[in-house]
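Please read them with the structure open.

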Amino acid sequence: MQLGDARVGKMADNIVGFARTLRRAGFPMDSERISVALESALLIGLEDKQDFRAALEATMVCRQQDREVFDQLFDAYFRNPELTQQLLAQMLPKTTEAAPSPKRRARTQEALAAITANNSRAKVEEDSIDFDAAMTASAQVRLRHADFESLSASEFKLVQRLACEIPLSWPRVPARRTQRSRSGARVDWAHTLRESARLNGELLSLPYLARRTQALPVLILIDVSGSMERYARLMLAFLHQSTRGLARSVYAFGNQLTDLNSAFRHADSDEMLATANQLIQDFAGGTQIGHSLAQLRLTQHRQLIGRRTVVLLITDGLDTGEPSALAQELAWLKRNCRSLLWLNPLLRFEHYAPSAGGASVLKKYADGMLAIHDLAHLEDLAQSLAELVKQ
Amino acid sequence: MLQQSVGSVQALTEALASVGYLAERRLATAVYLSSTLQRPLLLEGEPGVGKTELAKALSKVLQRPLVRLQCYDGMEQREALYEWNHAAQLMHMRAQQDRATPEQLEHAIYQEKYLLRRPMLQALQTPAPGAVLLIDEVDRADAPFEAFLLEYLGEYQVSIPELGTVRAQIPPVTILTSNRTRDLNDAVKRRCLYHWMDYPDRERELSIVRQSVPQASDALAQQVASFIERLRSAPFANALSRSPGIAESVEWAKALVALNTLQLDPEVVQSTVGILFKQREDLAALEPMLEALLAPTPDA
């Protein structure tokens with residue numbers, strides 16, 4: 001190492017500054033990572049810029065999607081640190097915009113709105129129910145069976161809230177891991193011997209190992225075209241809460257496929273919906289299920305984990321694409337998942353039959369069709385899921 | 001232990017090349033840092049870009065034995081680390097039952113001779129010059145297993161309740177690979193250096209094919225490299241669910257040599273394409289593109 005102490009000091013400053021810049025760009029960066037980066041930079045030296053870059057990359061980047069940002073920031077920073085600030089500002093429109101105006105969460109706003117409404121005692125007699133107080137039993141019964149499409153705006157909000165509280169016991173299957181139990185296929189020898197060593201070699205009982213259970217992973221594909229707008233919002237809110245803790249992936253489709261996984265990482269349903277709104281470019285547009293599924297197959301096929309995934313396809317089946325293309329994609333999807341379930345809001349019509357182009361194809365490939373147009377049916381969903389997935 | 005690693009990035013690149021692994025400079029830098037700083041190296045990338053091969057090559061270069069832990073769903077400590085030899089313990093206990101006190105008995109059956117060493121423990125206890133530990137496809141194991149790895153990755157030690165802590169005398173050179181079927185926990189990533197492995201460029205691919213299939217004529221190797229390079233780039237790659245990796249292109253070149261092919265044409269591609277693609281949709285998508293894929297390069 002030819003570098004003297006002074007230059008090391010300068011280099012250290014620069015690397016720490018660079019690390020802080022990366023942190024602002026959303027890289028996970030702690031002091032340990034920085035110290036490893038410093039150590040690596042010392043080892044590699046500054047003679048070769050590419051080596052130096054590779055050393056910093058190996059220590060500071062830990063996700064494939066960050067690599068491009070790293071490259072840009074590296075170029076900018078080690079040529080002109082001030083340029084980096086501008087670049088950062090360009091890259092992070094959200095953080096610079098969001099910071100000065102902290103918005104109230106939708107839930108807070110609603111809560112505040114409810115208080116003011118109470119105080120001023122709204123004079124208009126609404127024929128819909130109050131939503132700020134506890135509901136009466138009859139209102140609850142009515143709402144449970146009210147079609148989502150027929151709700152007023154305030155009722156819709158309330159139903160959305162209620163939907164989030166519906167529990168969904170997701171189907172579980174035996175996992176490969178085991179746990180101690182009273183019965184099972186294998187003897188827990190490790191435990192048996194530990195016990196009997198204490199008892200002077202006597203085997204008094206034989207504990208067994210039984211397989212643990214695990215919830216099946218879920219892939220949610222939700223139609224956000226015009227005809228589905230209301231159901232989509234509600235189902236997103238419902239599934240966001242009820243599939244919490246499961247291995248899940250979420251995609252919206254209309255004319256194209258949108259990755260909603262980042263939105264679903266929010267804990268709060270309102271925030272999730274707000275982010276989803278921003279992400280989805282074609283909300284309330286047309287529907288091309290086949291095309292969207294092809295995109296899924298080509299770009300995201302890894303999301304279908306080991307054929308155990310339960311796919312929830314939420315759509316009314318009003319597809320404007322080519323039925324043969326849809327059939328081909330559905331056949332692929334069905335081959336790669338455990339169950340393909342079609343959640344169809346059109347089942348609200350008593351004499352509905354999936355006879356239109358897209359719907360008949362969906363009917364052919366889906367393992368089951370479930371109704372989701374009111375709260376009562378959402379509550380039944382868990383039961384129906386368990387039955388269908390067992391097959 | 002520094003002297004166990006290779007002196008510089010350049011020396012490492014050359015040493016890897018001498019055992020048949022052509023590493024690009026970025027990768028060599030990451031590997032050099034990983035072995036010098038004694039940090040595990042996490043390699044991510046598409047299947048077939050040479051992640052596992054790197055560990056094998058490294059074990060040859062460093063002349064350390066390769067210990068491989070293939071991960072799978074539901075893997076437990078007893079498959080990765082250690083297990084007691086219960087049958088032997090039981091026999092010992094029966095034999096000594098009337099002659100020893102319970103304390104003696106308990107002490108006797110938890111000796112190292114009853115310990116069955118699984119890959120991670122083997123790697124930790126490998127005497128000088130130490131081992132290369134390959135934790136392959138770590139994304140296939142589940143999240144609890146990742147948590148279990150943390151102690152090893154951070155400290156090169158593991159705790160066995162009956163024996164105490166086992167610390168590595170010489171930290172194994174540790175390579176983790178992942179195909180990114182899911183994202184790994186940040187805690188694991190924090191303890192590792194990271195390298196994303198891309199498909200190689202045409203020149204490197206050509207060198208690899210030439211080296212692995214020396215029987216292939218120069219023209220054929222060139223054609224194979226160009227064909228594969230086009231397959232992996234737009235617009236062709238967009239129509240395929242998976243691009244072929246290096247392993248596949250080498251296999252393909254071998255197959256072409258076995259068929260005495262001198263020059264690629266649509267017919268011979270059609271009859272051997274099963275080596276490159278294993279999905280019916282991809283085979284169907286390939287057919288209309290064949291002509292464009294086989295068109296001669298402007299500079300050739």
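1. Start with the crossing of two helices in chain A. Helix α14(A) passes α15(A) in a left-handed crossing. Bear in mind that this is a predicted model.

2. Now the geometry of that pair. Helix α14 covers residues 289-300 of chain A, and helix α15 covers residues 323-335. They pack at an angle of about 40°, and their axes are 8 Å apart.

3. Which residues make the contact between α14(A) and α15(A)? From α14(A) come A:I289, A:G290, A:L293, A:A294 and A:R297. From α15(A) come A:A325, A:L326, A:E329, A:L330, A:W332 and A:L333. By class, the contact residues of α14(A) with α15(A) are eight nonpolar, one polar and two charged.

4. Next, the sheet. Six strands of chain A form an open sheet with mixed pairing. Their order is β6-β5-β4-β7-β8-β9. Strands β6 (257-259) and β9 (368-370) of chain A stand at the edges. Each has a single partner strand, so one side of each lacks a neighbour in the sheet. On average, neighbouring strands of this sheet are turned by 25° against each other, direction ignored.

5. Strand β8 (residues 339-343) of chain A runs parallel to β9(A), and three bridges join them. Which residue of β9(A) does A:L343 stand opposite? The residue is A:L370.

Methods
Residues numbered from 1 in each chain as written. Chains lettered and ligands numbered in written order. Predicted model: local features only at pLDDT ≥ 70, side-chain atom pairs only at ≥ 80, totals over all residues. Pairing = 2+ DSSP bridges. Helix = DSSP H or I, 4+ residues; strand = E, 2+ residues; numbered from the N terminus. Axes fitted to C-alpha atoms, helices over the stretch in contact; angles between N-to-C directions. Left-handed = near helix turned anticlockwise from the far one by under 90°. Contact = placed C-beta atoms within 7 Å. Nonpolar A, V, L, I, M, F, W, Y, C, P; charged D, E, K, R; others polar.
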